[in-house]
There are 2 protein chains.
Amino acid sequence: MFDLFFEKVNEKVQLTAAEQEECKQYYTVKKLRKRQFLLQEGEVCKYVAFVNKGALRRYTVSEKGDEHILQFAFEGWTIADLYSFITAEPSTSYIDALEDCELLLLNKQNQDELMNAIPKMQRYFFLNIQNAYVALQRRMTAAISLTADEKYLQLVKTYPHIVQRVPQHMIASYLGISPETLSRLRKQLKGGEQES
Amino acid sequence: MFDLFFEKVNEKVQLTAAEQEECKQYYTVKKLRKRQFLLQEGEVCKYVAFVNKGALRRYTVSEKGDEHILQFAFEGWTIADLYSFITAEPSTSYIDALEDCELLLLNKQNQDELMNAIPKMQRYFFLNIQNAYVALQRRMTAAISLTADEKYLQLVKTYPHIVQRVPQHMIASYLGISPETLSRLRKQLKGGEQES
DNA sequence: CGATTTTTTGAATCATATCAACGTACGTGG
DNA sequence: CCACGTACGTTGATATGATTCAAAAAATCG
């Protein structure tokens, strides 16, 4: 259950066997069926979820009813509405499962206690969010400086597995373009592919 | 020189007078004249800069030569090309001064040593980047879900001082729209303002 | 298999970009 | 302190990329 988690943790900090055992106590395991919600708008986001298995998305729904996907999460990634988690204010986003999932949940109090009990874990969380920040900056840079097709190509190049694993209209939503536009630009790209 | 810095730090963690003294040693002071570069594309970003006074921007330049502003920084904020800083790979962005600046610079080795010497500072950096991440998510959400005028209005609402302090074409660049479009939508908004 | 979801395609429309010109403000050196 | 040159903001005309709406085709699910 925790194999993948500690694999990821140990990429950043080295935990002893004893520390790993201790660490487990702060997490709770949760399974989620496809389409189930982990978080709904208006609720406070109580947990940061480490994805052991499966895939999830976080998204907002506008007044008109259209969804905008803010984030995907797959095995080894972490997902939460961090603003709500930190401030305990109601979330403005939803999180649901794209596939059946196994998650490791950590609530705020446990996160604080864990960081105190095992200072290396504070370093882990720091490095983790630092990576997430850098990745988000890349996405933001793309959003303001690239055209629709360039954004799509960057996504395919950076995260090929995302494109394989989630429906195309969700990719469109994630990129901030309409599904029709994505369909059309994919058709165009198929014609003009480079064959190296 | 360090007043603002410790004011900001103490919003997140409480440092004793002795810790503050110790802390200072890891930072170096740097002044920058308007238009001077702190970082140029191709260089490794050696420092994270705390802005004690002045204003800066971080931006990329495309092959066609157009600038895209990724980030502004004012008094009390922090700026760096974090990807380059972490990985020591060449930066893809520029940082320059929009006004004469006073900065506190921290290099990577000093940051690591500082976090070891004063563990509270590790917590400070963690909370700091957590905030930055949440703020960037808000901007990203706006980028994929709002129209040009909604993005502008959100910016005005969230950071009124930015709009007052930087030239309009830089705001446009930051929002990912053309300066002409921003000029026009501002004109429209002037007509249809709400008068509360 | 039928039902639902997803993707594709077409046509019309809309938002924004682009290109060009003009007026204004700014600050810099003479 | 003035004059010049550069920056900046505005406006108009046109072009273009992307959206929207509608419908059909294709894929997926139970």
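The residues of the surface near DNA strand D divide into 4 nonpolar, 6 polar and 5 charged. For those classes, Ala, Val, Leu, Ile, Met, Phe, Trp, Tyr, Cys and Pro count as nonpolar, Asp, Glu, Lys and Arg as charged, and the others, Gly among them, as polar. "Near" has a cut-off too: the C-beta atom of the residue, placed from the backbone, lies within 6 Å of the molecule or strand.

Before going on, a word on what we are looking at. This is a predicted model, where local features need pLDDT of at least 70 and side-chain atom pairs count only at pLDDT 80 or more, while totals for chains, interfaces and linings use all residues. Residues are numbered from 1 along each chain as its sequence is written, and chains are lettered from A and ligands numbered from 1 in the order in which they are written.

Now DNA strand C. It is surrounded by 15 residues, and the closest are A:Gln168, A:Ser183, B:Ala148, B:Ser178 and B:Thr181. The elements that give two or more residues there are helix H8 (168-175) and helix H9 (179-191) of chain A together with helix H9 (179-191) of chain B. H9(A) has the largest share of the surface near DNA strand C, 6 residues. By class, that surface has 4 nonpolar, 6 polar and 5 charged residues.

Next, the two protein chains. A rotation of 180° with 0.0 Å of shift along its axis superposes chain A on chain B, with an RMSD of 0.0 Å. That is the relation of a two-fold axis. The superposition is by least squares on the C-alpha atoms of residues with pLDDT of at least 70 in both copies.

How many residues does each chain give to the contact? Chain A gives 26 residues and chain B gives 26 residues. Contact means that the C-beta atoms of two residues, placed from the backbone, lie within 7 Å. On the side of chain A that touches chain B, H5(A) gives the most, with 18 residues. That side divides into 15 nonpolar, 9 polar and 2 charged residues. Of the interface residues of chain A, 100% are also interface residues in chain B, so the copies meet through the same surface.

Within chain A, the domain assignment, which is automatic or from a database, gives domain 1 (3-140) and domain 2 (146-191). The C-alpha centres of these two domains of chain A lie 25 Å apart. Their contact takes 8 residues from domain 1 and 7 residues from domain 2. S5(A) supplies the largest share of the domain 1 side, 4 residues.

Last, some strands in chain B. Strand S4 (residues 56-61) and strand S5 (residues 67-73) run antiparallel and are joined by 6 bridges; pairing requires that DSSP finds at least two bridges between two strands. One bridge partner is B:Glu67 in S5(B), for B:Val61. S4(B) and S5(B) form a hairpin with 5 residues between them, and B:Gly65 in the turn has a positive phi of about 100°. S4(B) also pairs with strand S7 (residues 94-97) of chain B, in the antiparallel sense over 4 bridges. There, B:Leu56 stands opposite B:Ala97.
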